[in-house]
Amino acid sequence: IGEDVTVCGLVASATYAANAPMAPTFLDLGKPYPNQIFTAVILGNDRSKFGVPENSMREKNVCVTGEIFLYQGNPEIILHDPTQLREK
């Protein structure tokens, strides 16, 4: 937690919560939500940089790089730039 790392895994589920606060896109790694092992989050103000990741990244092996945060006890990285997300 609080360190910059790279986490790799299968995008088991991907969701764009357009009506939620900050309009996040969730890329859940390892297992589908709500049993995900790790989540990459793209907030609405950065979403246009990533295209439609809930479609293009679903069921792909990816690596995400950034600072790990805990959100409701689950580890996640918030992605601000497409260079933080790559297919493995």
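Helices (H or I, at least four residues) and strands (E, at least two) are DSSP runs, numbered from the N terminus. The structure described here is a predicted model, in which local features need pLDDT of at least 70 and side-chain atom pairs count only at pLDDT 80 or more, while totals for chains, interfaces and linings use all residues. Residues are numbered from 1 along each chain as its sequence is written, and side-chain values use heavy atoms, with hydrogens and water left out.

## Overall fold

The protein has one helix and six strands. Read from the N terminus, these elements follow the order β-β-β-α-β-β-β. The radius of gyration, taken over C-alpha atoms, is 11 Å, close to the 12 Å that the globule rule gives for 88 residues, so the protein is as compact as a globular protein of that length. That rule is 2.2 Å times the number of residues to the power 0.38. The C-alpha trace spans about 25 × 25 × 25 Å along its principal axes.

Of the 88 residues, 39% count as buried. Buried means under 20% relative accessible area, exposed means over 50%, and partly exposed lies in between (1.4 Å probe, protein chains only). The accessible surface comes to about 5,100 Å², and 53% of it belongs to carbon and sulfur atoms. Accessible areas come from the Shrake-Rupley method with a 1.4 Å probe, and for residues only the protein chains shown count as cover.

A contact means heavy atoms within 4.5 Å. Among contacts between residues at least 6 apart in sequence, 51% join residues at least 24 apart.

## Two pockets

Pockets are found on a 1 Å grid over the protein atoms alone: a pocket is an open set of points where a 1.4 Å probe fits, with protein on both sides within 12 Å along at least five of seven lines. Lining residues have an atom within 4 Å of a point. Grid points are joined across faces, edges and corners, and a volume is the space filled by probe spheres set on the points.

The largest pocket holds about 280 Å³ of space. Its lining includes Thr15, Phe26, Asp28, Tyr33, Pro34 and Gln36. Strand 2 (25–29) and strand 5 (74–79) each supply at least two lining residues, and strand 5 gives the most, with three. By class, this lining has five nonpolar, five polar and two charged residues. Here Ala, Val, Leu, Ile, Met, Phe, Trp, Tyr, Cys and Pro count as nonpolar, Asp, Glu, Lys and Arg as charged, and the others, Gly among them, as polar.

The second largest pocket holds about 220 Å³. Among the residues that line the second largest pocket are Ala17, Ala20, Pro21, Met22 and Pro24. Its lining divides into ten nonpolar, no polar and one charged residue.

## Backbone exceptions

Most residues other than glycine have a negative phi, and most peptide bonds are trans. A cis peptide bond joins Tyr33 and Pro34, with omega about 10 degrees. Pro34 sits in the loop between strand 2 and strand 3 (38–42).

Ala23 is not a glycine but has a positive phi of about 40 degrees. Ala23 lies in the loop between strand 1 (4–16) and strand 2. Glu59 also has a positive phi, near 65 degrees, and is found in the loop between helix 1 (53–56) and strand 4 (61–71).

## Accessibility of single residues

| Residue | Relative accessible area | Class |
|---|---|---|
| Ala23 | 16% | buried |
| Glu59 | 63% | exposed |
| Arg47 | 11% | buried |
| Tyr16 | 34% | partly exposed |
| Lys88 | 67% | exposed |

Arg47 is placed in the loop between strand 3 and helix 1. Not counting residues up to four places away in sequence, Arg47 touches Tyr16, Thr25, Ile42, Val52, Pro53 and Glu54.

Tyr16 belongs to strand 1. Leaving aside neighbours within four places, Tyr16 is in contact with Ala23, Pro24, Thr25, Arg47 and Glu54. Tyr16 and Asn55 are 39 residues apart along the chain, and their C-alpha atoms are separated by 9.5 Å.

Lys88 is in the segment after strand 6 (85–87). Lys88 and Gly9 are 79 residues apart in sequence and 8.4 Å apart in space, C-alpha to C-alpha.
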